[in-house]
Amino acid sequence: MKPFVRILLTGAGSPAASGVIRSLRLNRDIDVEIIGMDCNPEAVGFHMSNKHVVGPRASEESFIPFVLSLCAEEKVGLLFSLVTDELIKLAEAEEELLRIGTRLSISSADSLRKVIHKGRLYQALQTMGMAVPEFRMVNSPEGLISALYELGYPARPVCFKPVVSDGSRGFHIVDNGADRFRMLFQEKPSSAHISEEELLRILHGHTIIPETLVMEYLPHEEYSVDLLVKHGEAVVAVPRLREVTVGGITTKSSIAKERDIVDYAVAVVESMQLNGNIGVQVRRDRLRQPKIVEINPRIQGTIVHCTAAGINLPALAVKQALDIPPSKDELEIRWGTRMTRYWEEVFYDVHGSSYAL
C-alpha cells in the first residue's frame, strides 16, 4: 500500500501553483491530497486542489496561528510554501509544526535571512571567494546615482533592484545606449529599461529610498537552476535556459546541459546551507562567466519544466521530507527538453464552483 500524505500548499494563486499541483499528482509512489491556501479568494490553484482555504497574508499577526490551527485540524503531513514572504516565519515555527505532525520542506531561518536579502547574499558569497556581480548597496537617491557611475555608467548599462523583492518587481536597467525610439514604438511599456533623466525625475524630492542593490549588468544568457538540496548537500540540479520571459515569468525555455552553470549553482546552495526545493537565478557576464542574480529559497514558477524533463522536484521533495530515497531513474535528466507556455482558462460560477466548457 502506498504511503499517503496531506499537503498544505500556500500561495495557491502564485504562478508556480498549477505546475506544482500537476507534478505532485504525477507522483506514482505516494498518494497525495492537496489543500490550497491563499489570501486571494479567487486563487486559480483552488480549482486544482482537493480542498482550499482563504488565509491571512504572512505580514498579518494571525498568519502562523492560522497555519498551525489549519494543519492540526486537517492533519497536514507536509507544508509547501510558494511565497517568499512566508518562509522565515514558517521556519521559525517549524518545531511547533512538527509537534502537530506537519513537516516542512524548507531551509533554516538563519539561512533564509542570508539569501532573501540580496545584499547580504552577495556579501556572503564574495567573502567565501565566489564570483558575484560587482555591486553596491544604497538607500538614498544620491547613493544610487553615485553607484551607477562607480559601476561604469554611462559607458555600460547598470541595473538595480530592492534588496528584498520577488520576481522582476523593482528591477530596472539604466542604459545610455538603449534605443528609446524603438522602445517607444515597438516595445510594451513594461520594459525594465529606464533613462537617467527619468530616474532623476522620479527620485526628485525624495531623500530616502528602499535599500537597493545596484549591480553590474550581466548581458548574456540567463538561467533558472532548480535544485533539490538535503541539508546543505545538493541532490540534483536542473538548469533551464530562459529564452523568453514576460513579467519575470518564463514563457519559453530549454533544459540546458551546461556544467559550469550546474557547478556554480550547486556551490552557491551548498555554501549557504540550504534545504528543500531551491531556485538559483544565474546570468553570464561580459566574459560569459556565470554570476548570481538571486536565490529563490522555494519552489520556482516554472519548476514543472523539470518535471517534463524527468526530474519531478516537488515529488522528490515530498519523498525527502518523508525519508524515502529517490530511485536512480528519478534523477535522470532528459537534456534538451523544451517548453513553451500558453494561456489556459479556469471557469467558475458566482459561488466559486469551477466547471468545464
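This is a predicted model: local features need pLDDT of at least 70, side-chain atom pairs count only at pLDDT 80 or more; totals for chains, interfaces and linings use all residues.

Me: Why are α2 and α3 called roughly perpendicular?

Reply: The axes of α2 (residues 63-74) and α3 (residues 84-92) cross at roughly 70°. Axes are lines fitted to C-alpha atoms, for helices over the stretch in contact, and angles run from 0 to 180 degrees between N-to-C directions. Angles of 65 to 115 degrees count as roughly perpendicular. So α2 and α3 are roughly perpendicular to each other.

Me: Which residues of α2 and α3 meet?

Reply: Contact means heavy atoms within 4.5 Å. F63, I64 and V67 in α2 meet E86, K89 and L90 in α3. By class, that contact has 4 nonpolar, no polar and 2 charged residues. Nonpolar means Ala, Val, Leu, Ile, Met, Phe, Trp, Tyr, Cys and Pro; charged means Asp, Glu, Lys and Arg; the others, Gly among them, are polar.

Me: What makes a space a cavity, and how many cavities of 30 Å³ or more are there?

Reply: On a 1 Å grid over the protein atoms alone, a 1.4 Å probe fits at the points of a cavity but cannot get out. The structure holds 2 cavities of 30 Å³ or more. A volume is the space filled by probe spheres set on the points.

Me: What lines the largest cavity?

Reply: Lining residues have an atom within 4 Å of a point. Among them are L79, F80, S81 and R298. Strand β4 (residues 78-81) gives the largest share, 3 residues. Strands are DSSP runs of E, at least two residues; helices are runs of H or I, at least four.

Me: Which strand gives the most to the lining of the second largest cavity?

Reply: β15 does, with 3 residues. The lining has 4 nonpolar, 3 polar and 3 charged residues.

Me: What makes a space a pocket instead?

Reply: A pocket is an open set with protein on both sides within 12 Å along at least five of seven lines. The second largest pocket holds about 930 Å³ of space. Of its 25 lining residues, the closest to its centre are P15, S18, R341, Y342 and E344.

How values were computed. Residues are numbered from 1 along each chain as its sequence is written. Side-chain values use heavy atoms; hydrogens and water are left out. Angles under 35 degrees count as roughly parallel, over 145 as roughly antiparallel, 65 to 115 as roughly perpendicular and the rest as oblique.
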